[in-house]
Amino acid sequence: MDKSKRTAVIAGNWKMNMTPAQTEAFIKELAPMVAGLDGCSIVLCVPFVDIATAVKAAEGTNIHVGAENVHFAEKGAYTGEVSAEMLTSVGTEYVIVGHSERRQYFGETDVTVNQRLTAALKAGLKVIVCVGETLTEREQGVTLETVSRQTKVALMGVTADEMKNVIIAYEPVWAIGTGRTATAEQAEEVCADIRGVVCSLYGKEVAEATTVQYGGSMNAKNAEELLSMKNIDGGLIGGASLKTADFTVIVKAAQ
Ligand code: PGA
């Protein structure tokens with residue numbers, strides 16, 4: 001990555017793991033391990049019920065707290081949902097939108113991803129928007145088309161100025177939780193393409209300043225190689241973000 005132009009972001013995505021008590025213990029353990037590692041932003045995206053605990057435990061450290069989803073409406077009759085303002089009110093700084101598990105199991109579409117993203121930006125959150133092809137799409141040779149469509153629709157209505165709060169995570173669906181990582185070359189190809197899409201929408205300066213992460217079985221062993229690629233500016237990490245030692249190795253690889 002080019003650190004003179006953009007910030008590296010290493011973000012954990014805990015998914016449906018960890019209670020508040022476990023969250024507090026995890027952050028207390030992690031904080032001294034990553035103290036002073038300021039070559040990247042360190043983010044933990046945690047379940048809603050863990051956010052307040054995480055924010056408190058991360059106080060005075062270089063760890064930032066994010067949510068794993070957000071609703072697009074400001075408030076109202078949306079049983080079970082959480083608004084962007086509710087997130088910021090408890091100290092949340094980041095939010096993931098459009099994760100493939102949300103697209104796959106909860107009916108998320110490119111359009112609702114866009115709605116969530118714009119609502120989150122409006123509330124002042126930094127947004128990690130996930131894009132990525134399924135195995136069938138890769139095998140059909142439509143990876144770049146798929147990812148570029150997802151990126152374009154996700155960014156509908158987003159201004160060039162708002163792009164400073166947008167991080168794009170390339171997560172090939174076939175690599176998530178499977179132990180099967182994209183090769184550094186495969187990941188680089190798509191991340192470069194995503195930057196090209198951002199360039200076509202907002203111009204070169206914004207494209208070069210946009211953080212593009214890779215996610216999908218990134219771990220302590222493969223992080224360094226992936227992060228050495230020109231267009232990979234960080235990682236969105238599932239499984240390996242649940243272990244302080246592994247997550248720390250990845251943070252160090254991003255220095
Ligand atoms: P994984 O998950 O690292 O466990 O593959 C990544 C993600 O889903 O964000």
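Modeller: Begin with the term pocket: it is an open set of grid points where a 1.4 Å probe fits, with protein on both sides within 12 Å along at least five of seven lines. A molecule sits in a pocket if more than half of its atoms lie within 2 Å of the grid points. This model is predicted, and in it the ligand sits in the second largest pocket.

Colleague: Which residues come nearest to the ligand?

Modeller: Being near means having a heavy atom within 4 Å. There are 13 residues around the ligand, and Lys-15, His-99, Glu-171, Gly-177 and Ser-217 come nearest. By class, the shell holds 7 polar, 4 nonpolar and 2 charged residues.

Colleague: Which atoms of Glu-171, Gly-177 and Gly-238 lie by oxygen atoms of the ligand?

Modeller: A polar contact is a pair of N or O atoms within 3.5 Å. Glu-171 has a polar side-chain atom 2.7 Å from a ligand oxygen. For Gly-177, a polar backbone atom is 2.7 Å from an oxygen of the ligand. Gly-238 places a backbone N or O atom 2.9 Å from a ligand oxygen.

Colleague: How much of the ligand does the protein bury?

Modeller: The ligand taken alone exposes 280 Å², and the protein buries 95% of that.

Colleague: How many aromatic pairs are found in the whole structure?

Modeller: A pair of aromatic rings is described by the distance of the centres and the angle of the planes. The search finds 3 aromatic pairs. One of them joins Trp-14 and Phe-26: the ring centres are 5.0 Å apart and the planes are at 80°, so the pair is edge-to-face. Trp-14 is in the loop between strand E1 (9-13) and helix H1 (20-34), while Phe-26 is in helix H1, 12 residues apart.

Technical notes: Residues are numbered from 1 along each chain as its sequence is written. This is a predicted model: local features need pLDDT of at least 70, side-chain atom pairs count only at pLDDT 80 or more; totals for chains, interfaces and linings use all residues. Side-chain values use heavy atoms; hydrogens and water are left out. A polar contact is a pair of N or O atoms within 3.5 Å; within protein, one must be able to donate a hydrogen and the other to accept it, and residues adjacent in sequence count only if both atoms are side-chain atoms. Accessible areas come from the Shrake-Rupley method with a 1.4 Å probe; for residues, only the protein chains shown count as cover. On a 1 Å grid over the protein atoms alone, a cavity is a set of points where a 1.4 Å probe fits but cannot get out, and a pocket is an open set with protein on both sides within 12 Å along at least five of seven lines; lining residues have an atom within 4 Å of a point. Ala, Val, Leu, Ile, Met, Phe, Trp, Tyr, Cys and Pro count as nonpolar, Asp, Glu, Lys and Arg as charged, and the others, Gly among them, as polar. Rings of Phe, Tyr and Trp (its six-membered ring) pair if their centres lie within 6.5 Å; planes under 30 degrees apart count as stacked, over 60 as edge-to-face and the rest as tilted. Helices (H or I, at least four residues) and strands (E, at least two) are DSSP runs, numbered from the N terminus.
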